[in-house]
Amino acid sequence: MTRLSSSEQRVAEALAAHGLGASIVLLETSGATAQMAADALNIEVARIVKSLVFRGAESGQPYLLLVSGSNRVHEKRVGRLLGEKLERADADFVRDATGFAIGGVSPFGHPVALATVFDETLFAHETVWAAAGAPRAVFEIAPAELVRCTSAQVLDVT
């Protein structure tokens, strides 16, 4: 059995701490993009949760947006809903805020709790798949459980 990396282990521990029965699945190919993950799992890309990090233009605060793999974020609209203009975050900011590299950012296991937004279209699926700390690692979860455990604000992000 392949051992989990320290990042993947952190996600596994966070899932267990939330009482989730989700287990980490290690893909045979990289799931660094939503389409790559969907192809590796043989599912539609809409069931992939993209974990996107933005920076608040005024506050510098990180915002984690959990978005369907088939959607693009309307940054201006989401920023208005959050009360702050959003800026794209660079790789260093993402790693500092989440503890993960781009391509493997998980909704769980961050150094500190992040303000989190959840794409309402993910509720169209019984389960969705999210990154588990590395491009090769994912886990399956019900959308309502993901919202509950991340204390996410549900919004129309498109």
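Buried here means under 20% relative accessible area. In this predicted model, helix α3 spans residues 75-82 and has Glu 75, Val 78 and Gly 79 as its buried residues. Seen down the axis of α3, these buried residues fall within an arc of 100°, so they line one face of the helix. Lys 76 and Arg 80 lie on the other side of α3 and are exposed. Gly 83 follows α3. The phi of Gly 83 is positive, near 85°.

Strand β2 also takes part in strand pairing. It runs parallel to β6 (residues 128-131), and 2 bridges join the two strands. Ile 48 has Trp 129 of β6 as its bridge partner. Strand β6 pairs in turn with β7 (residues 137-141). That pairing is antiparallel and comprises 4 bridges. Trp 129 stands opposite Glu 140 of β7. Trp 129 therefore has a partner in each pairing, Ile 48 and Glu 140. The hairpin of β6 and β7 has 5 residues between its strands. In this hairpin, Gly 133 adopts a positive phi near 100°.

Ser 5 belongs to the segment before α1 (6-17). Its relative accessibility is 29%, so Ser 5 counts as partly exposed. Ser 5 and Ser 106 are separated by 101 residues in sequence. In space, the C-alpha to C-alpha separation of Ser 5 and Ser 106 is 14 Å.

Key
Residues numbered from 1 in each chain as written. Predicted model: local features only at pLDDT ≥ 70, side-chain atom pairs only at ≥ 80, totals over all residues. Heavy atoms only, no water. Buried < 20%, exposed > 50% of the residue type's maximum accessible area, 1.4 Å probe, protein only. Arc of directions from axis to C-beta.
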